[in-house]
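Have a look at the sequence and the 3D view before reading on.

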Amino acid sequence: MAKTHNVTEFIFLGLSSNPEVQKVCFVMFLLLYTAIVLGNLLIVLTVMSSRSLGSPMYFFLSYLSFVEICYASTTVPKLISDLLAERKAIPLWGCMSQFFFIHLFGGTEAFLLTVMAYDRYVAICKPLSYTTIMSRQACAFLVGAAWVGAFVHSLVDSLLVFRLPFCGPNVIDHYFCDVLPLLKLACSDTVLIGLLIVANGGTLSVISFVVLLASYVVILLHLRTRSSAGRHKALSTCGAHVTVVTLFFGPCIFIYLRPSTTLSVDKTVAVFYTVITPLLNPVIYSLRNAEVKKAMRRLWVRAMKLEER
């Protein structure tokens, strides 16, 4: 397919065309983005500075929080600035870059959540072999594999979309450059490319989600033999993880595992996996985890002592 880019920029319609609604959304999303960055950054700093959080679970959690900051930063700052702009434009290269990084960080999050489920499976079902299986080298390899897998996934999707000819119109009924809105604007038949993207992105989401669910089914079956105290602690940790998984994969499967058609509800659904999930990640993991809360309090005390000096 010949690469034809007569279009040099795209125009977002955003979440709403009502000026009053836009002002309310500006304040709301500015507060949400600030909470996302500060909350996830707090988890990263807490894990890095606390010796009690040296287990693989917290190692993966710190990386997940870092990815959440990057993931939200690919869309939310642009959304916030556009809410006060009369003309919500993004250059072609900016659109393609945003598309690539959305899928890079989104894919990394999907793989990290799967890795975290595997970590919980080993910790609960094979406790005697846990330190051997989840060694530092193994954890580093799993995180590296998550980044490499996400990079390949994002690169494939980006190459498919970048090869599409965009010759007009250039108005995107969304607040960021995503698959379905871009396919709708292409000046060519996108059925095959749409199927390839669904096979790449949608299948990735479904397979990861199924693997995660299977892991927790095995964990739940194994917990039947545990004491009530051990069962409660394991269920508390797994419950937090399942909540994050559901909030992330549910909307992703809805968006990416269907024919190349856009729906009016797509923008609302996209808010869940680009804003709500990164926001709830630190809340869910910190409020439901006593060790994290204790480490945060110790970090706060140390920070106050340094300030007094």
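## Counting the salt bridges

How many salt bridges does a search of the whole structure find? The search turns up four. Keep in mind that this is a predicted model. Let's visit some of these pairs.

Start at helix H3, which covers residues 76–82 and holds both Asp-82 and Lys-78. These two residues form a salt bridge, and their closest N and O atoms are 3.2 Å apart. They sit four residues apart in the chain, which is about one turn of the helix.

Are the two partners buried or exposed? Asp-82 has a relative accessibility of 5%, so Asp-82 counts as buried. Lys-78 reaches 21%, so Lys-78 counts as partly exposed; the cut-off for buried is under 20%.

## A buried pair

Next, find Arg-120 and Asp-119. Their closest N and O atoms are 2.9 Å apart, and the two form a salt bridge. Both of these residues are buried.

## A link across the sequence

Now look at Lys-267 and Asp-173, a salt bridge with 3.0 Å between the closest N and O atoms. Lys-267 belongs to helix H10 (residues 266–287), while Asp-173 is in the loop between strand S3 (171–172) and helix H7 (179–185), so this pair ties together parts that are 94 residues apart in sequence.

Here, too, you can check each partner's surroundings. Lys-267 has a relative accessible area of 14% and is buried, whereas Asp-173, at 45% relative accessibility, counts as partly exposed.

Notes. Residues numbered from 1 in each chain as written. Predicted model: local features only at pLDDT ≥ 70, side-chain atom pairs only at ≥ 80, totals over all residues. Heavy atoms only, no water. Salt bridge = Lys/Arg side-chain N within 4 Å of Asp/Glu carboxyl O. Helix = DSSP H or I, 4+ residues; strand = E, 2+ residues; numbered from the N terminus. Buried < 20%, exposed > 50% of the residue type's maximum accessible area, 1.4 Å probe, protein only.
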